[in-house]
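Please open the model in your viewer and keep the sequence panel beside it.

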Amino acid sequence: MASHIGRRKFLATLGGAASAWPLVARAQQPVPVIGFLGAPTAKGREPLMAAFRNGLSEVGYSEGRNIVIESRWAEGEFDRLPGMTNELVQRKVAVIVAFTTPAGLAAKAATSTIPIVLLTGDPVGTGLVASLSRPGGNITGLSYVVPETHGKCVEVLQDMLPSVQRLAALGNAADPSHKQVLEQIQIAGHSTGIKIDPIVMVSGPDQLDAAFAKMAQERSDGVVVQASLPPKAIADLALKYRLPVATSFRQYVEAGGLVSYGALESDLWRRCAIFIHKLLQGSSPADLPVEQAVKFELVVNLTTAKALGLAIPQTFLSRADEVIE
């Protein structure tokens, strides 16, 4: 009898252990780590990170439960990006999300094996991918179509201020996409009949005041600013020198800038999660075409317009997706 009970107990124990094995195996599976690499400042981009996390939730991921996010922000100091990228590589992240062209280039230089999802302006023109349809290598993602939206800013200023005849362009020499951005601004100037002059380049925030002084001295009617320059500094200097400024990121308008026209960022950051999901499921980056922005927004700061003494046509304000007062 004792041997029978012992055998039954042994079988019950064995059965319980066998049923527990899959649970143990699942518990031991590593939680994938997503490395987020941003070249600009994190300040003001909390809503975008929320959109990113919401996108992950929509495809079944919850931070802290079955996914981990490690963020690195260079705060506009692009020379910090290589070191930050190497940290993520050494951390053995499953995917790197690279926000802006400098971050994308740093990630591309750091690894040819870890999948990279771009959130950048012009991945083809800056050499990050071979083409939108066939990106190749370990890189895919989404494009803000930033050069084109900067060109659109010329039209926006013309529609907003019909008397505009001459606009300055302010480029960021530290951002490799400045060539494509300035080219589109000039193309838009030619098509609208607006003279683009002067074209001023800066390589750091310490040069911004002198750049604005030069543009004001040359009596520019307004400025199209490359969107990788620091928003608050640009907004403050635009008020100081009384220059209407347009750019392609809404953070400038939220910081006190006049007007922006660009991709609806929250949509791009939410869609980024779909790429991550596909990559974690085993898809190759080379087989995932780069997607372009399909939703855009026009944002106007009416308080700034009044501070500059500008009368904005009601027809223009009625086109805006958002008016900040």
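## First selection: E291

Select E291 and, leaving out residues up to four places away in sequence, display what E291 touches, namely G141, L142, S143, R271 and F275, where contact means heavy atoms within 4.5 Å. E291 belongs to strand 11, residues 291-292; helices (H or I, at least four residues) and strands (E, at least two) are DSSP runs, numbered from the N terminus. With a relative accessible area of 34%, E291 is partly exposed, on a scale where buried means under 20% relative accessible area, exposed over 50% and partly exposed in between, computed with a 1.4 Å probe on protein chains only. The side chains of E291 and R271 are joined by a polar contact of 2.7 Å; such a contact is a pair of N or O atoms within 3.5 Å, of which, within protein, one must be able to donate a hydrogen and the other to accept it, while residues adjacent in sequence count only if both atoms are side-chain atoms. If you also pick M49, its C-alpha lies 19 Å from that of E291, across 242 residues of sequence.

## The whole chain

Before going further, note that this is a predicted model, in which local features need pLDDT of at least 70 and side-chain atom pairs count only at pLDDT 80 or more, while totals for chains, interfaces and linings use all residues. Residues are numbered from 1 along each chain as its sequence is written, and side-chain values use heavy atoms, with hydrogens and water left out.

Colour the chain by pLDDT, the predictor's confidence in each residue, from 0 to 100: the mean is 91, and 91% of the residues reach 70 or more. Residues 1-27 fall below 50, and beyond near neighbours in sequence this stretch has zero contacts in the model.

Zoom out, and the C-alpha atoms fill a box of roughly 105 × 40 × 35 Å along the principal axes. The chain has twelve helices and 13 strands, and 49% of its 325 residues count as buried. Of the contacts between residues at least 6 apart in sequence, 68% join residues at least 24 apart.

Next select R166, in strand 6, which covers residues 166-172. Is R166 buried or exposed? R166 counts as buried because its relative accessibility is 18%. Leaving aside neighbours within four places in sequence, R166 is in contact with I194, K195, D197, P198, E218, R219, S220, D221 and G222. A polar atom of the R166 side chain lies 2.3 Å from the backbone oxygen of E218. R166 and D197 are 31 residues apart in sequence, yet 6.6 Å apart in space, C-alpha to C-alpha.

From D197, step to P198: the peptide bond joining D197 and P198 is cis, with omega of about 5°. P198 lies in strand 7, residues 195-202.

Now pick S220, in the loop between helix 7 (208-217) and strand 8 (223-225). S220 counts as buried because its relative accessibility is 8%. Not counting residues up to four places away in sequence, S220 touches R166, A168, D197, P198, M215 and L243, and its side chain reaches the backbone oxygen of M215 at 3.2 Å.

R219 lies in the loop between helix 7 and strand 8, but R219 is exposed, with a relative accessible area of 70%. Its phi is near 55°, a positive value in a residue other than glycine.

Another positive phi is found at V145, near 45°. V145 sits in the loop between strand 5 (139-143) and helix 5 (146-160), and V145 counts as buried because its relative accessibility is 10%. Most residues other than glycine have a negative phi, and most peptide bonds are trans.

Move to T113, in the loop between helix 4 (101-110) and strand 4 (116-120). T113 is exposed, with a relative accessible area of 67%, and its C-alpha lies 6.1 Å from that of N138, 25 residues away in sequence.

End at T304, in helix 11, residues 302-307. T304 is buried, at a relative accessible area of 8%, and, neighbours within four places in sequence aside, T304 is in contact with L239, G256, G257 and L258.
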